[in-house]
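Here's a quick walk through one protein model, going from the whole chain down to a couple of residues. Take a look at the structure first, then read on.

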Amino acid sequence: MDLSTQPVPAPSGDSYQPTTLRPTPVASVEKPAEKSADKPVSEAAIDSEALIKRMRVYWPDEAFDMIRRAWTVAETAHAPQKRKSGEAYFNHPIQVAHILIDLKLDPPSIAAALLHDVVEDTPVTLADVERGFGREVAHIVDGVTKLSRLEDQTLEEAQVGTYRKMFIAMADDPRVVLIKLADRLHNMRTLGSMPPEKQQRIARETLDVYAPLAHRLGIWQFKWELEDIAFRYLNPEKYQEISRQLVLRRETRERIVQRVSARLKQILDRDGIKAEVTGRPKHIYSIFRKMDRKSVSLDQIYDQLAVRVIVGTTDECYRVLGIVHATWTPIMSEFDDYIAVPKESMYRSLHTTVVIPGEQPCEVQIRTREMHEVSEHGIAAHWRYKEGFGRSDQSFEAKLGWLRSAINGQRDLDPTEFFESVKEDVLREQVFVLTPKGKIIDLPKGSTPIDFAYRIHSEVGNRCVGARVNNKPVPLFYQLQHGEIVDVLTSKTPRGPSRDWLEYAKSTGAKTHIRRWFRRQERDVNISAGRDLLDKELKRLGVRPTLDEVAKTNGYKTVDDLLAHIGNGDMSPRQAIQRVLSLKPAEDEPLAAIPTIAPPRKPSKPGAITVRGESNVYTRIAKCCNPVFSEPIIGYTTKGNGITVHRVDCYSILNERNRERLIDVEWGDGERQSYPVPILIDAWDRVGLWRDVTNAIADGNINIQAVQQLPNKHHGRATLLATIRIESIDQLGHILDKLNRVKDVIDAHRENTVASTLL
């Protein structure tokens, strides 16, 4: 399909019903008003020229043909589609484009915004987009497009995969996430008519993922609106309570802010400083967070009163700060200098809180016009000028280094691990510290010198022997604070991390490097530990597959690879064994024909065990190995007594010379039965021991068929042989876990009668 010369054909079939609805009122703290997503400007755009007209203000370029063509393609592709509100679906990409024009993004971004849903929701393919608009636009559209949900995926698994795709694309081109944030913002503005359960799910996702992402990228105007709308749906009672209190105090608050602004403007004019002084709007969710974090009422929130001062230069910022502190008494604990120590999101500003007449605290933010632009638009400010993206911009690349390093370092993880890592290292609240040379390092809040060392380089982490903070020695578990200078002490040779560091480290990157070191340095130790763990689990479950079989079934090339992964904790021994037990015995082994069997004396329950597909053949469970449901089994034909069912690893079967008497059997799909399984329990003897053991079995809803105390040659020890009724191998594993946690139990495992005799 050639999108460069012709419109896209409309989709066939039933019209699509996306889950975005009409806009609903969103209360603003300073001026509650209904925010209509249909009218981001004076009138809703009716054609591409309305978009282009708004872009010409900041992008004086006549080459807007790409946007005109994108409009035509998207309008045609979405033509038959309606939103659940009944409006044309194409209104959604139009509004997303207008939101991005507010951020002054470039033409490829606006074209991609118009096209961002065509691949996901219409017959247009990504190849069509690339042919019609080039690789740059296609890459952005692909990054925003959700992954198709596979049949065996849950909704959560599909969503995590989409997150992973988006973040990786974002590391290559941040415009991907700007479009995704604009898309989410418009969807949040139109959330009101959704079913309550979807409102809750979408609002929670917004508060957990998209608002923190907007914060980390420095896009303040996205962050506060996403947070306030999400909070409104997640906690409507608290939202309305805070909103009402703010409205009641608004007139008094505005009068005080105007008086402070006028006084400050008068002083600055007198000192020859040209400044714009305004009141700063407060947002409901940020107020709620402070109330919750400090356990205080609204009256005790310091920055309800807030003034913003915008000046021409950085020097003037500090001059204004001195004037503010000379005019009113500062609260020094509430002072932050984000100009000297900017946030990694590029945010720069001075924050101070002073006590104004009436003993009321008032926050003052001081910044230049350029700083203000970045504080509102974050990384989007990069596209303010035509020569921005796609050309050399070392400053921009440096400022996005934290994002790329956090994402690129985790690309090889599976989708769930990747998303958890990104949430930890990118979306979580950050602490900003400095190297001795003044370089700013951002880390998850609560990070320690270990996280700092591994963020510098993996070898610095591996050689770390201590740390100094602000030139004072600190322990490696010390939690770093904003603005501290951190100096890592290293050895000349790699000593390697301690396992305790996994508890001290907070960042996923540091934990990954530590685990990697242990995998590399302690493979032999892990192999030995893995062998012990696997042998113990095999004994516990009473099964005896070969180690080669376990390794092959779990996808490992060698037994050592399997044991190493068990030893370092990447795989549990039970998980490895369960995969083997879940497989049926090989079907290509020569088996005897079904023998002529005498009429059964006790018919099996329907569907319990089938013999070559037949479920009405008389079978009985072998007492030597007591197989249970889901274990691999095989039958042994007996004269006049039906078929005896054994585990495939039973000693009787392994030592059977008359192989032609073996027959293929399998567990049926009928009513689930229970089977007797002997459990051997070795423990330190004490009063109440057997009561605790039997209670543990009974608590698992498992019937005890017989109990026998066996002699034990060890003084002070006791051995109990209990026969219990088990429905499946999984149930057996759970009850063995429970028994091994009983006080004074040394070991509880499945007893193999024949094995015990042979051993």
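## The big picture

The protein has an accessible surface of about 36600 Å², and carbon and sulfur atoms account for 49% of that. Keep in mind that this is a predicted model. Of the 759 residues in the protein, 50% are buried.

As for secondary structure, you'll find 30 helices and 21 strands in the protein. Looking at contacts between residues at least 6 apart in sequence, 68% join residues at least 24 apart.

Let's zoom in on β2, which covers residues 306-311. How many of the residues of β2 are buried? Six of the six are, so the strand is largely enclosed by the rest of the structure. Both faces are covered: one side carries Ala306, Arg308 and Ile310, the other carries Val307, Val309 and Val311, and all of them are buried.

Which way do the neighbouring strands run? Strand β1 (residues 276-279) pairs with β2 in the antiparallel sense, over four bridges. Strand β6 (residues 360-368) runs parallel to β2, and six bridges join the two. To pick out individual pairs, Thr278 has Arg308 as its bridge partner in β2, while Ala306 has Glu363 as its bridge partner in β6.

Is Arg308 buried or exposed? Its relative accessibility is 10%, and since buried means under 20%, Arg308 counts as buried. This arginine sits in β2, on the side of the strand that also holds Ala306 and Ile310.

The side chain of Arg308 has a polar contact to the side chain of Gln365, at 3.4 Å. Gln365 also turns up in the list of residues in contact with Arg308 once neighbours within four places in sequence are left aside; the others on that list are Glu276, Val277, Thr278, Arg280, Arg367, His372 and Glu376.

## Over at Leu710

Now hop along to strand β19 (residues 704-710), where Leu710 is found. Leu710 has a relative accessibility of 26%, so it counts as partly exposed.

What does Leu710 touch, not counting residues up to four places away in sequence? The list is Leu680, Thr719 and Leu721. Leu680 and Leu710 are 30 residues apart along the chain, and their C-alpha atoms are separated by 9.5 Å.

Key:
Residues are numbered from 1 along each chain as its sequence is written. This is a predicted model: local features need pLDDT of at least 70, side-chain atom pairs count only at pLDDT 80 or more; totals for chains, interfaces and linings use all residues. Side-chain values use heavy atoms; hydrogens and water are left out. Buried means under 20% relative accessible area, exposed over 50%, partly exposed in between (1.4 Å probe, protein chains only). A polar contact is a pair of N or O atoms within 3.5 Å; within protein, one must be able to donate a hydrogen and the other to accept it, and residues adjacent in sequence count only if both atoms are side-chain atoms. Contact means heavy atoms within 4.5 Å. Accessible areas come from the Shrake-Rupley method with a 1.4 Å probe; for residues, only the protein chains shown count as cover. Two strands pair if DSSP finds at least two bridges between them.
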